[in-house]
Amino acid sequence: MLVFYTEATAPVKIIAFFLAWLACWLPIAIPIAYALKWYPPKPLGAAQKIPLLASLYLIAPLLLWGIARVEGLSFLDYGISGDLTFLISLGIGLAIGVISIIVVFAIESIFGWINWHWQPDRKLWKTLLITLLLGLWVSSTEELIFRGFLLNELQSSYSLWLGAVVSSLIFALLHLVWEIEETLPQLPGLFLLGLVLVLARWVNNGNLSLAIGLHAGWIWTLSTIDTAQLISYTGKGSAWFTGKNGKPLAGAAGMFCLLITAVILFYFGREFFPLL
């Protein structure tokens, strides 16, 4: 069985990974979903999503560690390292991610499309810490899977940009698992987000730290704003720009944020990150 896997083509390895991931997760997910009284395609609330997401994302790194052992690899081959430059790049990505979201919301605020409800208190600081840890965990896991393992396998048989397109498409479509109706308008944005994160790994010479930082920065900022209810939409701005259902990735605002980030990475990243 192990010999079959190591000699299989990239598409077969990818399919095998996702099937194994699903097979390991379902025996855990089904009892959790039953206890939460949730079943597809019923909308999934945040309180219901966290235990299901946690069980899913705890399995993936263990599974990838096993795959790496079978193939004689390590997480370093997937772009994960533990040195100082990794942390520096992660911090830079985190800062860019946070600033880019704040700039977008600042523009919307200037045009009167949103109102801010900034109330710094102990509850907000607690929310900031929790969403930061959540963002780092989710982004690390997703980058390891999609821009690490998946992109590596695709690059072994195809060009980088075909691998980028396919991995980003899979990344976007798999978000439909959680909420179909709310996720559909975000699919183009999720696809573009995947491409930008591939670009982040490319400019960082194959290291995932910048991509993890960017991804975590976006999750951190948006989750904090949503959880702490820091903004409200005035209704003056068109949904095509602000995003359907208040989701930036479902509108031009999110696309603008991603494109600006991509331009910054493309024109400055290849000069800056090799110096680290």
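This is a predicted model: local features need pLDDT of at least 70, side-chain atom pairs count only at pLDDT 80 or more; totals for chains, interfaces and linings use all residues.
Where is Q229 found? I began my notebook with that residue, and I found Q229 in the loop between α9 and β2 (231–233).

**Entry: backbone angles**

I looked up phi for Q229 and got a value near 55°, which is positive in a residue other than glycine. I then turned to N205, where phi is near 60°, again a positive value in a residue that is not glycine. N205 sits in the loop between α8 and α9. I noted both because most residues other than glycine have a negative phi.

**Entry: what the record says**

I went to UniProt next. An unreviewed entry there annotates residues 126–218 as "domain: CAAX prenyl protease 2/Lysostaphin resistance protein A-like". In the model I found that span to be 82% helix and 0% strand, and its end C-alpha atoms lie 18 Å apart.

The unreviewed entry also carries the annotation "transmembrane region" for residues 14–38, 50–68, 88–116, 128–146, 158–177, 184–202, 208–228 and 249–268. I checked two of these spans. Residues 128–146 are 100% helix and 0% strand, with 26 Å between the end C-alpha atoms. Residues 158–177 are 75% helix and 0% strand, and there the end C-alpha atoms are 27 Å apart.

Two packed helices are described by the angle between their axes and the distance between the axes, so I looked up both for each pair.

I started with helix α5 (residues 122–155) and helix α6 (residues 160–174), which pack at an angle of about 140° with their axes 9 Å apart. The two helices are therefore oblique to each other. Angles over 145 degrees would count as roughly antiparallel. The crossing of α5 and α6 is right-handed.

What is the angle at which the axes of α5 and helix α9 (residues 209–227) cross? I read roughly 140°, and the axes come within 7 Å. Thus α5 and α9 are oblique to each other, and α5 passes α9 in a right-handed crossing. I sorted the residues of this contact by class and got ten nonpolar, nine polar and three charged.

**Entry: α6 against α8**

I followed α6 on to helix α8 (residues 187–203). The angle between α6 and α8 is about 135°, and their axes are 8 Å apart. That makes α6 oblique to α8. I wrote down the handedness of the α6 and α8 crossing as right-handed.

**Entry: empty space inside**

Rolling a probe the size of a water molecule over the atoms shows where empty space is left. How many cavities of 30 Å³ or more does the structure hold? I found one, and the volume of the largest cavity is about 30 Å³.

I listed the lining of the largest cavity: I101, V104, F105, L222, P248, A253, G254 and C257. The elements giving two or more residues to this lining are α4 (84–110) and α11 (252–272).

**Entry: looking back**

I close with the loops and helices side by side. N205 lies between α8 and α9, while Q229 comes in the loop between α9 and β2. As for α9 itself, I have its right-handed crossing with α5 on the page.

Definitions and conventions:
Residues are numbered from 1 along each chain as its sequence is written. Side-chain values use heavy atoms; hydrogens and water are left out. UniProt positions are given in the numbering used here, feature names are shortened, and annotations may be inferred rather than shown by experiment. Helices (H or I, at least four residues) and strands (E, at least two) are DSSP runs, numbered from the N terminus. On a 1 Å grid over the protein atoms alone, a cavity is a set of points where a 1.4 Å probe fits but cannot get out, and a pocket is an open set with protein on both sides within 12 Å along at least five of seven lines; lining residues have an atom within 4 Å of a point. Grid points are joined across faces, edges and corners, and a volume is the space filled by probe spheres set on the points. Axes are lines fitted to C-alpha atoms, for helices over the stretch in contact, and angles run from 0 to 180 degrees between N-to-C directions. Angles under 35 degrees count as roughly parallel, over 145 as roughly antiparallel, 65 to 115 as roughly perpendicular and the rest as oblique. A crossing is left-handed if the near helix is turned anticlockwise from the far one by less than a right angle, and right-handed if clockwise. Ala, Val, Leu, Ile, Met, Phe, Trp, Tyr, Cys and Pro count as nonpolar, Asp, Glu, Lys and Arg as charged, and the others, Gly among them, as polar.
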